Amino acid sequence: MTIRVGIIGTGFIGLDHGNKLVNVINGSTVTAVTDVNKTRAAEVAALLGGAKVFDNGHDLINSDLVDAVLVCSIGETHAEYTLAAIAAGKPVMCEKPLAPTTPECEAILAAEVAHGKRLVIVGFMRRYDPGYKEVKATLDGGKIGAALIMHNVHRNATVPESFTSFMTMTDSMIHEIDTTRWMLGEEITSVQVAPPKRTSKAFPHLQDPQFALFGMESGVLSTSEFFANCQYGYDVRCELVGELGTSSLVNPVVASSTIAGQDADMVPPDWRVRFGPAYTAELQAWITGLGKGEIVGPSAWDGYAATRVTEFGVQAVKTGQRVEIDYIEKPALYR
Ligand SMILES: NC(=O)c1ccc[n+]([C@@H]2O[C@H](COP(=O)([O-])OP(=O)(O)OC[C@H]3O[C@@H](n4cnc5c(N)ncnc54)[C@H](O)[C@@H]3O)[C@@H](O)[C@H]2O)c1
């Protein structure tokens with residue numbers, strides 16, 4: 001069975017996912033694309049082997065050519081398209097964030113609950129990264145004892161001038177927020193943000209780097225450094241400290257060089273290189289699940305919870321104070 005995917009938003013990630021769905025993933029093809037940038041949509045359709053270009057996302061969602069919807073447009077449009085896919089009864093993978101605000105996320109939860117079964121997954125691909133999976137398996141297997149502290153580092157070579165201090169939370173740390181919830185199996189209940197000394201390598205409006213402290217239901221603390229203009233490459237680190245030992249990510253190494261008396265491993269240049277295999281695994285799990293009539297991937301609740309934390313996180317960036325986080329009651333569909 002081949003799942004025919006329609007892609008809404010043919011920017012960076014839309015093309016990246018589309019290429020994988022056509023050329024790498026077993027059991028999928030891309031039959032439809034749309035983007036407000038019609039020229040770009042036509043170019044991507046051609047690159048993906050002649051997918052039909054739709055005038056808008058709603059026509060694509062309701063087309064008989066489309067079995068499943070992939071939302072890769074800008075965050076502000078995610079709720080509109082995810083709700084339309086639920087209304088059409090079609091499975092939908094929405095790139096992060098599920099939506100930028102919690103009222104929009106709550107509308108998606110309500111629509112999915114009213115539908116009666118899951119249709120939505122959210123693109124938190126780090127859950128599919130072999131390193132993160134091994135750290136989680138080590139924790140779940142009891143080898144390091146109970147978790148006490150999680151340390152996260154997320155560094156990016158450079159960002160454009162349009163990047164703001166709040167996007168640190170809503171665009172970047174949202175990944176650490178999801179991996180922390182998933183790794184520890186509990187919700188984040190507080191957030192505090194402390195600004196370190198600013199790098200001279202960032203545009204003056206940007207607080208860079210930023211440092212956040214997330215408190216968990218059980219009392220575990222999760223630290224998160226985001227450094228948008230670290231200059232040297234894309235570097236994601238995670239160490240989980242338990243009562244008996246620690247478990248850490250190792251950056252994937254494909255080759256090592258020895259030059260002038262020094263061993264040198266390559267630092268990935270960007271997120272597409274670092275998490276390429278995770279994106280592939282995420283898409284394959286989604287498509288394989290759909291082939292069996294199952295919805296496999298982070299849920300709309302996971303999308304809601306992450307957005308909830310980023311909303312409070314933005315307050316914490318503004319005030320520097322520790323902010324307590326509350327949630328709506330978790331619907332039975334997600335328990
Ligand atoms: N999971 C990840 O690691 C990851 C990585 C990159 C991007 N993303 C997410 O994917 C989404 C897209 O990011 P990107 O980097 O591809 O951005 P992008 O700017 O390259 O692409 C976004 C596209 O959406 C289109 N668009 C805007 N409004 C639209 C509308 N109403 N209907 C249809 N198309 C519309 C734009 O024209 C553009 O082509 C964002 O939500 C981003 O956070 C996730």
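This is a predicted model: local features need pLDDT of at least 70, side-chain atom pairs count only at pLDDT 80 or more; totals for chains, interfaces and linings use all residues.
**Exercise 1.** Find what span helix α9 should have at 1.5 Å a residue, and check it against its end C-alpha atoms.

Solution. Helix α9 covers residues 276-291, which is 16 residues.

**Exercise 2.** List which residues of α9 are buried, and determine how they are placed as seen down the axis of α9.

Solution. Counting a residue as buried if 20 or more other C-beta atoms lie within 10 Å of its own, the buried residues of α9 are A278, Y279, E282, L283, W286, I287 and L290. Down the helix axis they fall within an arc of 165 degrees, so they line one face of α9. An α-helix has 3.6 residues a turn, so residues three or four places apart point the same way. The cover over the buried residues of α9 includes strands β1 (3-8), β2 (28-34), β4 (68-71), β5 (92-94) and β6 (120-122), together with helix α1 (12-23).

**Exercise 3.** Locate the largest nonpolar core relative to domain 1 and domain 2.

Solution. This core has 73 residues, and V33, V69, I108 and V120 have the most contacts inside it. Helix α10 (residues 300-319) gives the most to the core, eight residues. Domain 1 (3-125 + 277-299) and domain 2 (127-271 + 306-334) both contribute residues, so the core lies between them. A second, separate core has twelve residues, among them V135, L184, C238 and L249.

Definitions and conventions. Residues are numbered from 1 along each chain as its sequence is written. Helices (H or I, at least four residues) and strands (E, at least two) are DSSP runs, numbered from the N terminus. The expected span of a helix is 1.5 Å times one less than its number of residues. The arc is that of the directions from the helix axis to the C-beta atoms. Two residues are in contact if their C-beta atoms, placed from the backbone, lie within 7 Å. A nonpolar core is a set of buried Ala, Val, Leu, Ile, Met, Phe, Trp, Tyr and Cys residues joined through C-beta atoms within 7 Å. Domain bounds come from an automatic or database domain assignment.
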